[in-house]
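I would ask you to keep the display in view while I speak.

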Amino acid sequence: MQKILVVDFGSQYTQLIARRLRELNVYSEVYPWDEIPVLESVDGFVLSGGPESSNIEGNPNIFNEILESNKPILGICYGMQVLAFQEGGEIQNEGKKEFGYAKIDLNNQTSLFADTSDSIDVWMSHGDKVISLPEGYETLASSDNSPIAAYQNLEKNYFGLQFHPEVTHTDFGLKIIENFINVCGVERNWNADDILKNIHNQAKTEVGEGKVLLALSGGVDSTVLASVLHKTLEDRLVCVMVDHGLLRKDEANNVVTNLKEKIGLEVNLVNAQETFLGKLKGIKDPEEKRKIIGNTFIEVFETEAKKIQGIEWLAQGTIYPDVIESAGNSKSKAKVIKSHHNVGGLPERMNLKLLEPFRMLFKDEVRKIGKAINLPDEIIGRHPFPGPGLGIRIIGEVTKERLDKLREADHIFLSEMKKHNLYNQASQAYAFYLPIKSVGVVGDNRIYADVIGLRSVDTTDFMTANVSNLPNDFIQHVSTRIVNEVEDISRVVYDVTSKPPATIEWE
Ligand code: XMP
């Protein structure tokens, strides 16, 4: 398989480069800068950004094996600086930092910049810059702050970009990466089926004849993973779903029935509702609730898993944005991204080996895999649902009565969203429960009851989010239904706060 190797110098965006290459149907692998790569089948290299300075003794550099391989190289940010430095150029460490948007003007629209524009808005994030080029190199573009914002050496097919073509803020970013792919001459035939094949092969070679346990939440990632692994491992995959009583209306049964009917996968459903509710009794603090739910989950799951003989592996649907990276535990050099793991603590406690085939993928790529194996849209298109479930959507104490009311209200909201074709346009929509008494009038009677809130957001990465612009009459229609159909709810409110400053979940 022909590929482009992404050499990781520790940028937050390294995986994004690999992802863009996959988007353009090119197979790519991320490799740490301090391991000599296997050069077989490599048609080109992308050098990532990174937090260091290229001209300081002992800092990350490019192996001579790469420079002597006669393959095209694209250096991005730190990668651009270190390439220029090792080739004999000069780097300036001090000076103005450039962060955010910048405009670059091109001297030359050939090769790397073919079919772009003579002036491009780009995303910069750097302190150092190249101030003089090695011999045989020419400047391709300049910005106010970076006279050498892009360079090339056409004889060697070496290119450097001070900005980040991999982020969506850079205009023509994907086109520039595509142009580099063309320089490499690599075939563009990599797709979701190939990713699937890789996962099958990985599962076959790593797991061998072993048995794998999978904690199924019913969300997109774990459901797609269960379906993929079921094809490879068949009966050696055991799926356990814990119903903690904090799931949405009919959720557990729907997941179990769906998987059974659609792909013939048998799920062990554990009803632990009473255990969870018992432990949550009287607890109001959000962090305490999260801890109790997380720990109880581990206890219940462990007890169930011990009933199954011969398990060696735990499969998790962890995707890249969930991954906590540290230099010691992975090939990646990226820094911590997000601190919650799907089923944190389980593998060590149960002494299980961890299988995480999606850990380098983004959510939309997992969805593509789901499509490739013909999972129904209702599974692939589901909005994310947090591990602690409705437990963090009821403000304050979680009780059975509040859960039941919230489940009804949430069901009304989401089914109306689907009916009005709004569900697929929003990234995450849900109802939450506010235990605040407010006065209402129903028929001729005064009521004094709790409040339901509705939230819907649009986002691509869940790090920032805008409030969905739902039609006013739609919200009013949902509100009327909730107040009429859910007992003892006095009114409905719509949350109009973006993230930041608010988070997506209320707790
Ligand atoms: P926040 O509320 O941090 O949420 O803006 C961002 C995304 O993460 C989900 N989320 C969680 N998912 N366990 C999870 O598995 C959690 O503890 C958790 N907290 C938040 C949230 O639903 C949103 O998609």
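The shell around the ligand consists of 5 nonpolar, 4 polar and 4 charged residues. In this classification, Ala, Val, Leu, Ile, Met, Phe, Trp, Tyr, Cys and Pro are nonpolar, Asp, Glu, Lys and Arg are charged, and the others, Gly among them, are polar. Please note that this is a predicted model, in which local features need pLDDT of at least 70 and side-chain atom pairs count only at pLDDT 80 or more, while totals for chains, interfaces and linings use all residues. Residues are numbered from 1 along each chain as its sequence is written, and side-chain values use heavy atoms, with hydrogens and water left out.

Which of the 13 residues around the ligand come nearest? They are Arg-290, Gln-428, Lys-499, Ile-504 and Glu-505; a residue is near if one of its heavy atoms lies within 4 Å of the molecule.

Next, the polar contacts, meaning pairs of N or O atoms within 3.5 Å. The side chain of Glu-505 places an N or O atom 2.6 Å from an oxygen atom of the ligand. For the side chain of Gln-428, the corresponding distance to a ligand oxygen atom is 2.7 Å. Gly-387 takes part through a backbone N or O atom, 3.1 Å from an oxygen atom of the ligand. Of the 490 Å² that the ligand exposes when taken alone, the protein buries 82%; these areas come from the Shrake-Rupley method with a 1.4 Å probe.

I turn now to the aromatic residues. How many aromatic pairs does a search of the whole structure find? It finds 11, where rings of Phe, Tyr and Trp (its six-membered ring) pair if their centres lie within 6.5 Å, and planes under 30 degrees apart count as stacked, over 60 as edge-to-face and the rest as tilted. Tyr-27 and Trp-190 have ring centres 4.5 Å apart and planes at 50°, so this pair is tilted. The two residues are 163 residues apart and link distant parts of the chain. Tyr-27 is buried, at 14% relative accessible area, and Trp-190 is also buried, at 5%; buried means under 20%, exposed over 50%, and partly exposed in between (1.4 Å probe, protein chains only).

By contrast, the rings of Phe-297 and Phe-301 are stacked, because their planes lie at 10°, with centres 5.8 Å apart. Finally, Phe-9, Trp-33 and Tyr-78 form one aromatic cluster.

Methods:
A polar contact is a pair of N or O atoms within 3.5 Å; within protein, one must be able to donate a hydrogen and the other to accept it, and residues adjacent in sequence count only if both atoms are side-chain atoms. Helices (H or I, at least four residues) and strands (E, at least two) are DSSP runs, numbered from the N terminus.
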